[in-house]
Each structure stands twice: as structure tokens, then as C-alpha cells.
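Hello,

Here is the structure I promised to pass on to you. Please have a look at it first, and then read my notes below.

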Amino acid sequence: MIPPQFEYFRPASLPEALALLSTYADDAKVLAGGQSLISLLKLRLANPKYLIDLGGIGGLNYIRKETDGQAERIAMGAMTTYAEIKGSSLLQSRCPLLPQTASVVGDVQVRNLGTLGGSLAHADPAGDMPAAILALGAELKAVGPKGERWIKAEDFFLGFYATALSPHEILTEIRVPLSAKRKSAYIKAARRPSDFALVGIAVCLEAGQGGTCERIAVGVTGVTDKPYRAKSLEAKLKGKKLDRETIEAAAPAVTEGVDVIGNIHASADFRSHLARVYLYRTIQAASQS
Amino acid sequence: MMDFDQLFVTRNWVGKPVRRNEDVRFVKGEGRYVDDLAMDCAQVAILRSIFAHARVKRIDVSRAAAMKGVLAVVTGPEVAGQTKPIAPRAITKPATQFVMASEKVRYVGEPIAAVVAEDRYLAEDALDLIDVDYEPLPAVVRIEDALRADAPLLFDEAASNVLLDDTLEHGDIKRAYQEADLVIKEKFHVHRYSSTPLENWAMIARHDKASDSFVVWANDQQPGRSVVNVCNTLQIPTNRFRLIVPDSGGGFGIKLAIWPYMVILCLLAKKVNKPVKWIQTRREHLLGGTHAPDCQVELELPMKKDGTILGLSMKDYENDGSFVHTAGIYGLIKFATLVGCYNIKATRAQMLSIATNKGPTVQNRGVGKPTMIFVLERAMDIAAKQLGLDPAEIRFRNFVQPEQMPYTTPSGEIYESGNYPECLRKALALSHYEELKKQQAEMRKQGRYLGIGISAGIEPGTSNLGYYYTSRGIPEYTGNAEGAIVGIDYDGNANVIVGSVDTGQGHATTIAQVVSDMLGISPERVSVDNQLDSLISPFLGHSGAYSNKFNDVDLGAVIRATEKIRNKMLTIAAHALQSDVADLKLNNGTIYSAKDNSKKVSFREIAALAYKKILYLPEGLEPGLKEIAYYKNPMAKLPNKENFNVQLTHSNSVHVVAVEVDVETGEIAFRKYVIVHDCGNQVNPAIVDGMTIGSTVHGIGGVLLEEFVYDEDGQLLTTTFMDYMKPVAAGLPQFELGHMYSPCPYTLLGTKSAGEGGAIGSLAAVANAVEDALSPFGVKVTSLPLSPEKVVRAIRETKVI
């Protein structure tokens, strides 16, 4: 690795990290596992003057169940690795979409080092975890000099590597509501198993009376400049019986209003096609989960 | 082939799957690669062209040169002023190119300046301070662009972008057409891909002021030729250049082209009076670390209705990019496999080397032969379909038969041995071919698309280097040979130095097996120095690791040198034991008399006589126990357009593949992969298996994933492993291997090439399987790679991939 020169900090506490960030905000990058940022540094595509490594901060690495009145939820520290999510028995039993998604991120090395918070804050438009987070209706906790705030997943991703976090904020926790009725699946199309998604679809649904779909949330990644919730599609499927005909009729809405990207791995047309095919397959998989 | 009873005194090691003794060292990080060498070096970074085609109007290095930590800067014009242009090997048109671009850049990534600094970070920073004024020219990217009458010229002096256009006819091709019932015609396109070894190019250069001479450490694959190239280009006598090749982390051919960078490093080393090091980055490697050319091949097979092929006519356009040194060879080398495994009596081949603004091309695993077998084996399937024959049947009808061996092809290539029909029969049996066909029919009823593909290919080895020059007259190099030194040390252990280099093939293990059985000692007592030193090692212009020559001439040289040392030890032993040499035997590090077991002398005692007690040696015998030998393949013909052999051993294999295609997503999944391989006798079957599988995986990468993609301006879009996609273990098939053993009569051990066969046979096998899977949709496969998008588009719209 031959990056341009930068100054490296490894703060021991969150306040210390926030102080560094407020000093260097515009010239700083936060390192949270490094599985994306280090590649950019290597190629000199990122040129931060200061690197603030969150790896030395304790207490940002946890997966736990919380209760808020009647409701149950999962809270995960931002520095929780993909491997920890994949291996969590709590998640496997109560929120299997997260381990299922984490298990197809990159390869073993990436999963051992890369973190959930890192993935979300980096906001790669083809990242896997954002699709799951969107479909689960997660909330993300941003901590800054003025305190903390919660951002809904669907408001978090703004564009290419751009999020609702301000340059002075650090993502510290991801909170996911639990539901006993929820069925889910994540499937991605990728040229190789370890690749970013050409198209990735995460589906959460709850069945209602008579085999209809009472609630459905669809997170989509790889298709445009940011991961997104396919809301118009969801509206078309909600309350319906999810048979092949219904899904295929609604499927074009999965990319409705979206500027689909084309590159050497898949043209915009082919991506749209894959999104429709994988939408059906993912709903099928979720229904049978 | 030698009589093994004469050659070997034991049969404990040759032919056994001996574990590679190199591996522990490599996997523990104890390799000795260029970057591991403990030397205080200044570091080099190279400024590369950002344009595919442009005039360089001005290069201003003043800001970079003034930067703190920068020791020297060199530019293209300065290099051109001090060196001779790169010497072409195969092209016939004049085309002047220097190791660094001077007036004009011809590909994105071409070196135009280099910086030496105290460390690599500073050197890279300094590149940003070099100002280059480019005058962009229109880029020539595709073959058809290069051939247009008004195409911009890569080399004005050539007056054309076609740098070689040669047509060779052998046999009566006109008659083949006259007698044909039909002619299969197809135009194929194979994309640009390459090998990407774990270790990129790496080198250190040191200049010795007192003697004005250079030492270079580099992971070079063909040191014999590189020494000549570097000295010629620098215009220095050979005694002022020494090349040392330590461990090398993979080559596959593309490290044959690293010598131009040695020239640059020598000039820099001289400037700074300190060793200078350049370790190529992966991005640099993908940009300019040499590719296999993309090509377009128009193939015609005049045939009889019964499937008999009467002739083969080919027009081969190779997009050789912009490296004049090796441009043109991809066409010429196809003669090694021009007729594949078949009795084709007449051929016509037109070979065109096209210069474009794509990156440099050089020999890569199989060099044109993967393409040749791809187009031929695709055409066989197309013919079978047209004639209503099973793909296996049309091959059976055309195979060269075992009783025809050794078989000479129309152009003069000699296939030494092999049983091609039996090889296919074995592969069909191993793959349960008939069962697969039944399964295919069953699955189709369920809307699932299984396809079965067969490919039969020749895997040539040991280049007769004269072949390049069939187009240029008398060549500089002809034939093929290698050198070896075998010594016995004070302790009676053997040590071996060879002129070739190892790029991961396990040469040390294999050599130790052969020497052990020749001397009657265990392999632990044979050490093989993998390092080549041009001052010490026994090397020739042919020396290096390429064209699968190891099993032939490298081992040949080792055997000849070992015979010499054995004879000398026997002579000493006979004298010491007062015996006849004819009565002596070797066993377990001793020489004893077969007539009287008590009369014996150990290797150690023989070494003591040879090295120390030299007055007790037989009268007239030289002291010392070190012997050098060179071994030349006996079959190489002189360069002659009418009758020539391109390569000197010919292994063969059959691949039978079953794939399932997801017709909605275009994804291709392997269901079966059978390879039956015949490389004659095997010294180490485990290594042969590993090479067969590794090589096949490379081919699969080429068929499905790997591609250097250029845009219309000649910008390479695949400069990382995210975009240039190597196959990964997940998604690959479980390979089932079968072997045949048809000894080669013309190599000492009956061995033939191993290592490229998988990369050669796999392209057509997978493509044939995919086309078969998609036959209900009427899809024809004429190009690679088979990306999911192309598959889906062909099913839905175009019907052609």
C-alpha cells in the first residue's frame, strides 16, 4: 500500500474521537475496519490528511436485545463485525436476515475485519448490509458534538458514498425492531461469491389473513447511486396474495423513479432485469423462510 | 526415451506423488523474493501515460527533481537518447519503440518518466509534480478500427497498423475445397485476458562505478534472452551485466517481458550510485504488465458429409496492442496446434499482427493455442450440429489414430505419441456421458437447462525458438535446450543448479526425484538452488521457464550432468575398490561391488578423494565433483516455411463439462468437470494434477470472468481485482481427473508438457457446454467471455454470444 501521507489517530474513547473529528472534520476520514477505505487509500483515490481509527474505542461492539415497553428490538454497536453478526445466535433466532446478509459480504477476511457501522457510513451503493437495514426499518444513532440523534435507515443514504451523517458525527449504534411474524430473505446477484452486488434485494414481510401480505419492506442495493427502499413497489404488493403473477406485474416498480447505473459488469437494462428476477426470487425465499 | 534400467539405479521416487519440498518455505513466508532481499535501496516509481495515444510535447520534471527526498528523475527522451530501440522478434514492418515513450505514447500506462526517491511514498508523491504536455491523438482500440484505410497509425514508419501479414499454405488446400460437400465457416472473437501472478514484477538494479557494470535482481522468466536484450538495448558488453533471479511468485509467460524495465532501472541506478528497487503495483501490472491479445479468427473447415474434415483455412487477426518485441508471435505459434487432434491434410493460415493503442501483449499461458483449440473445437461442434452427428462421434471420425504416431501435420509439426480416441473414450466413460444426456433430457422437462461440452486439445511444449522467424528469415535463436550443473559436496550430498528458473512449478522437487533415483540417494540429500545467476548458472539463450520445456530439456540437462557425475564417481570408486566399473552398483549413498558386497565406498569417501586426497585419484582424472551439461531437444527442425515444427512435445487432453445455465439470470453453474490428460510419463503425478487443475481454472476464468475492458478512447476500465475478476474457489467445479501415459520417444524420460493443457482445452469445453445448454433457444457461441448479460441477451434477442 502506497497511500499519500496522512496522520493516524487511534482514540481510546468516543469523546476523544469526536474531538478529533471536530478539529479535522473536512480533512479527516473515520476508519472502522478498513475494508473499503484502505482500498481507496491504496489506489490514492481517497486522500485524507487525518485518519481516525475507531478500533481502539471499547464498547462499540455488541449485539443485544432490548425491550421498550411492549416492543422488542436488537441493538448493535457500530464496530460489530460481519463475522460477529453472522455468528450471533441471538440474531439467527430473532433476526436471521442480518446473519444471512452478513454471510455473503466479501470473503472471510473482509467479514472478520469489516464492521456494520463502517459499511453503513461508507455507503457503498452496492453494499449488502444497507439493503437489509432498509428492509428491517432500522434506526441509526449518530453522535456529534451537540449530542446524539436517531436517523431512520430510509433517510440515511443520500447518494454515492454520501449519508445523512454530518462531518462531525460518528455512527455508533444500529437498532432493529423485532417482530415474531416477520419473514425475510436477502439474495444478491454477483459475478463471484465475494463480489459486491450487481443487484441485491432484501425482503421483510408479514403474512395477513388468507395468505395475503400484510406488510412488506424491500431494500434494494447495487442498482443506483444509493441503497433504497422500493416504496412504490411495496404499495403495489401490500395486501395482495404474493403469487408469481402479482409479483411479476408489480416488479417493474422495483426500479421505478430510479436512475439505474450501468457499468462493465452489467448495463442499466440488465440490472433492471436482474432486479425484477431477484425480486421474485427473494420474495419467494422470504415467504418460505 | 532412455532405458530406465540403465538410467536409474533405484525406482523409489520418479513417478511418485512426492510432496513439494518448496511449499513449507513458501507458505511460512520464508520465500526469498526480490522484495525480501536485504539491500539498502532507493525506490522507483514510474509515471505512466494517461492517454492511449498522444504526442508528448514537453516533459517538465523540475518540480519533481527539486522535491526533498528525490534522488533522480529520468524521462523518456533521455532514455531514448541512451538506448537502442526494442528489437522485434516476429513482425516484418519497421516499428520503433523504446523502453520508455519518448515522442509518442501508445497505451494508457506506457512509462514516460521515472523517479528515484528515498522511499516509495516520496517517489509516488513526486510523480504528481511532473508536468507533461500531451497532444492527444485519436485512439485505435479495436481490430476493425486499426484496419480502416484512414486509421491513425501507431507507427508512421510502418505505414500501416498491420505489422505482420503472412500466409502459409501446406498440403493441397484447393483440392480440399473442391472435394468438400460443405464448408463450415465461422468468425470467432476471443477477448483480452491474462495471467496475474501473486507476485507482480519486481527488480533491483545496482551499478558498480569502478567497473561500470550492472547487477540486476529480477523475477525474470527467460533470463537467457533478457541478458541479451538488456545488453543490446543499453549497448554494453555482456560482461558488464549480471542477472540474478531469486524466487518468483508465478509467471505464466508474462514475466518474459520485464526486461525493458531492467533497462530503465539500470539507467537510474547509474544516476544515483545506489541500488534502486521497483516493485510493480497490481494496478501497474494490470495496466501494462502484459496481456494476451484479443483476436478475431475466421475459420473454415471444408468437409465431407460424413464429417471428415478435408482442410482448414484460417485468417487470424491478433490485436497485439503496442509492444513490438513480441507482436506477431500469437499467430505463428498456432501452428503447434493448427489441426488439433485431427487428420487434416491441408491448411492455409493467414496471420496478421495488428498494432493498436491497447496495452502490451506477451506470451501468456498457452500463447494462442487456447484460442486455436477454442475456434477449432467450437467449429467441430457447429459441424456436428449441422451434420446431425454427436459431438463425440465427429471427433472420433477425425482423430489422428494411435498407429499413425509419430504423426506429422501438414506444416511439419510432429505429434510424438498419444491415443486420442482412447482419451475421449475414457473421458466419456468417466463423465458418464450417456447418463448426462439422459439427465439433460429430464431436466429440460422441468425447465432446467443442462449442457454438455467436449473439447479435445493438443498441449504443445518446448518451443523450437526458430518458429518466430518463419516470417523474418534466419532467426537469432533456434531449437531449444537447457543447461545444468550437478555436484557432489564434501558430505556426499548432491546439489543442482539449472539454467531455467522456477516460477512455482516445483522444479526443485522434481529434479530431486530424478537425481535421487539416478544416484541411489534420498531426495533430502539433493538440494536444488532455485536461484539463477547469469555469472554462475549454466544458461543459454533459451534458458527460462516457458513453453513447458522443463520436463524435456531442463530435466534432460540434469540427467546428462548427473550421468557425468555418476560416471566420475564410478571411476573413482573402481580405482579405490580395485574393481571394474561394470561390476559396481550404487545404493543408499554408497558404491559397492556386485561381486563382493564387502567392497564398498561411500559418496562421502569418494568426495574426500575428489576434493582433498587428490593424489589418490586415478591417473589423469581431474579433481573435483561438479559436472556441467547442456541438453538439446533432438527433434527441432531448421527454420523453413515449407516444413517446420513450432514445438517439440505434444501432450493432449479431453475435457468433458456439464453446466447448468440459469436462463433468467445468465448464471452458469458447473455440474461436472472431467479431464483426461496424457503428458506421457509423469515424474510427479501430484504436481501434474495440480497443474492440470490450476491451468483449467485459469481457462475457466478466461471463459467466464476475466477480461481487460477498454473504452473507445483506449482507457483500461479493469485496473483492480474488483473489476478484473479472477475466479475464486467458490463456484468452481470438483474436477475429476483421468490419466493416460503415452511416453514421448524423443525426451529422455518419455515426459511431455504439463501445465498449459487446462488453459487450452477448457475454453471450448465450457463454451460448447453452454451452447448445448442453450440449444432450445437456438443460441450460438462465437465469442468469449460468457458473461451473464451476454447469455441473457442471446437467449432473449440476439441468439449469438
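Domain bounds, as used here, come from an automatic or database domain assignment. On that basis chain A is divided into domain 1 (7-56), domain 2 (63-177) and domain 3 (183-287). The C-alpha centres of domain 1 and domain 3 of chain A are 34 Å apart.

Before going on, a word on conventions. This is a predicted model, in which local features need pLDDT of at least 70 and side-chain atom pairs count only at pLDDT 80 or more, while totals for chains, interfaces and linings use all residues. Residues are numbered from 1 along each chain as its sequence is written, chains are lettered from A and ligands numbered from 1 in the order in which they are written, and side-chain values use heavy atoms, with hydrogens and water left out.

Let's start with a sheet in chain A. Helices (H or I, at least four residues) and strands (E, at least two) are DSSP runs, numbered from the N terminus, and two strands pair if DSSP finds at least two bridges between them. Chain A has an open sheet of 3 strands in the order β1-β3-β2, with parallel pairing. β1 (7-9) and β2 (28-31) of chain A are at the edges with a single partner strand each, so one side of each has no neighbour in the sheet. From one strand to the next, the twist averages 20°; axes are lines fitted to C-alpha atoms, for helices over the stretch in contact, and angles run from 0 to 180 degrees between N-to-C directions. β2(A) and β3 (residues 50-53) of chain A are joined in the parallel sense by 4 bridges, and Leu31(A) has Asp53(A) in β3(A) as its bridge partner. Helix α1 (residues 14-24) of chain A packs on this sheet and touches β1, β2 and β3 of chain A, where contact means heavy atoms within 4.5 Å. The direction of α1 makes about 165° with that of β3(A).

Now to chain B. Its domains are domain 1 (4-31 + 481-632), domain 2 (40-137 + 202-288) and domain 3 (363-462 + 645-798). Between domain 2 and domain 3 of chain B, the C-alpha centres lie 38 Å apart, and the contact takes 13 residues from each of these two domains.

Chain B also has an open sheet of 5 strands, in the order β7-β15-β14-β13-β8 and with mixed pairing. Its edge strands are β7 (162-170) and β8 (182-190), each pairing on one side only. β14 (residues 311-321) and β15 (residues 346-355) of chain B run parallel and are joined by 10 bridges; Tyr317(B) stands opposite Leu352(B) in β15(B). Helix α12 (residues 369-387) of chain B packs on the sheet, touching β8, β13 (294-303) and β14 of chain B.

Best wishes
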